[in-house]
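Please read the following report alongside the sequence and the coordinates.

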Amino acid sequence: MPLATAVPQVTAPNAASAMRSPGDVDNRATYISFGLAYVFGHGSAALSKGTGPLLDLPSWLPMTLLGAGLAAGTVVATRAALRAQRGATGPDLLSGKLLGASWLIAFAALFLTITGLASAVEMPDLQDMLWPTGSGLIVGLLYVSEGAARRNVLHYGLGVWLALTSTAALFLGTPGLYWVLAIAGGGAYAVATVLERRRLAVR
């Protein structure tokens, strides 16, 4: 009898430590996709826009590269979040659904804000500055919310960095803001990818 009761006491803590808590998300694939979108999308815009562009690229190419990377990252993030919610119940499940819906709401509001503002002041070129920086602000604030809800300090910190650098980039105009987004944003995603692997390893 003593031996039989000792076995669960030894094995149970190891089994518990191997299980990931409900709602915990592996963000590495999302960070890589978004990071590449920032580097190639904003990077190509930095090289091809402004009064003295370094490269003569089609005007549609930077937005296409950025959109493709962000779309891929969104799909990966959605799938990762759905997998994480399989073990969640009650408040955790509701929290995950509300966070997912907040992405659609936030970007719908951003679209209305930018298009309405550009129309009101009759400056269509304003959208070229507000879309990349506004998107960075929205993504950053959503990361802050997700990080707080999931108690993920790395995700929270990345969101703070993206929100602040994206809005500060507005002071530089074009093409300076694209350089900030490509280097500061893409670099932050690269660092977060490495740190995310360490975070998951110690859980």
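Predicted model: local features only at pLDDT ≥ 70, side-chain atom pairs only at ≥ 80, totals over all residues.

Residues are numbered from 1 along each chain as its sequence is written, and side-chain values use heavy atoms, with hydrogens and water left out.

## Overall architecture

The chain has 7 helices and 0 strands, where helices (H or I, at least four residues) and strands (E, at least two) are DSSP runs numbered from the N terminus. Along the sequence the pattern reads α-α-α-α-α-α-α. Of the 203 residues, 37% count as buried; buried means under 20% relative accessible area, exposed over 50%, and partly exposed in between, with a 1.4 Å probe and protein chains only. Among contacts in the chain with a separation of 6 or more, 73% come from residues 24 or more positions apart, a contact being heavy atoms within 4.5 Å.

Two packed helices are described by the angle between their axes and the distance between the axes. Axes here are lines fitted to C-alpha atoms, for helices over the stretch in contact, and angles run from 0 to 180 degrees between N-to-C directions. Two helix pairs are set out in the table.

| Helix pair | Angle | Axis distance |
|---|---|---|
| Helix 5 and helix 7 | about 25° | 10 Å |
| Helix 2 and helix 7 | about 165° | 8 Å |

Helix 2 and helix 7 are therefore roughly antiparallel to each other; angles over 145 degrees count as roughly antiparallel, under 35 as roughly parallel, 65 to 115 as roughly perpendicular and the rest as oblique. Their contact comprises 16 nonpolar, 6 polar and 3 charged residues. In this classification Ala, Val, Leu, Ile, Met, Phe, Trp, Tyr, Cys and Pro count as nonpolar, Asp, Glu, Lys and Arg as charged, and the others, Gly among them, as polar. The crossing of helix 2 and helix 7 is left-handed, meaning that the near helix is turned anticlockwise from the far one by less than a right angle, while clockwise would be right-handed.

Helix 5 (residues 126-150) packs on helix 7 at an angle of about 25°, which makes helix 5 roughly parallel to helix 7. Helix 5 also passes helix 7 in a left-handed crossing. On the helix 5 side, Asp128, Met129, Pro132, Thr133, Val139 and Tyr143 meet Gly173, Thr174, Leu177, Tyr178, Leu181 and Tyr189 of helix 7. By class, the residues of this contact are 8 nonpolar, 3 polar and 1 charged.

## Residues in helix 2

Gly35 is part of helix 2 (residues 28-48) and counts as buried, with 9% relative accessibility. Setting aside residues up to four places away in sequence, Gly35 touches Gly186 and Tyr189. The C-alpha atoms of Gly35 and Val191 are 9.8 Å apart, although 156 residues separate them along the chain.

Thr30 is also placed in helix 2 and is buried, with a relative accessible area of 4%. Beyond residues up to four places away in sequence, Thr30 touches Gly73, Val76, Ala77 and Tyr143.

## Residues in helix 7

Glu196 lies in helix 7 (residues 173-201). At 0% relative accessibility, Glu196 counts as buried. A polar atom of its side chain lies 3.0 Å from the backbone nitrogen of Asn27. Apart from neighbours within four places in sequence, Glu196 is in contact with Val25, Asp26, Asn27, Arg28, Tyr31, Asn152 and Leu154.

Pro175 is found in helix 7 as well. The peptide bond leading from Thr174 to Pro175 is cis, and its omega is near 5°.

## From helix 5 to helix 6

Arg151 sits in the loop between helix 5 and helix 6 (153-168). This residue is not a glycine, yet has a positive phi of about 55°. Arg151 is exposed, with a relative accessible area of 70%.

Tyr156 lies in helix 6 and counts as partly exposed at 37% relative accessibility. With neighbours within four places in sequence left aside, Tyr156 is in contact with Tyr143, Val144, Gly147 and Ala148. The C-alpha atoms of Tyr156 and Glu146, 10 residues apart along the chain, are separated by 7.2 Å.

Note on methods: Polar contact = N/O pair within 3.5 Å; in protein donor to acceptor, adjacent residues only side chain to side chain.
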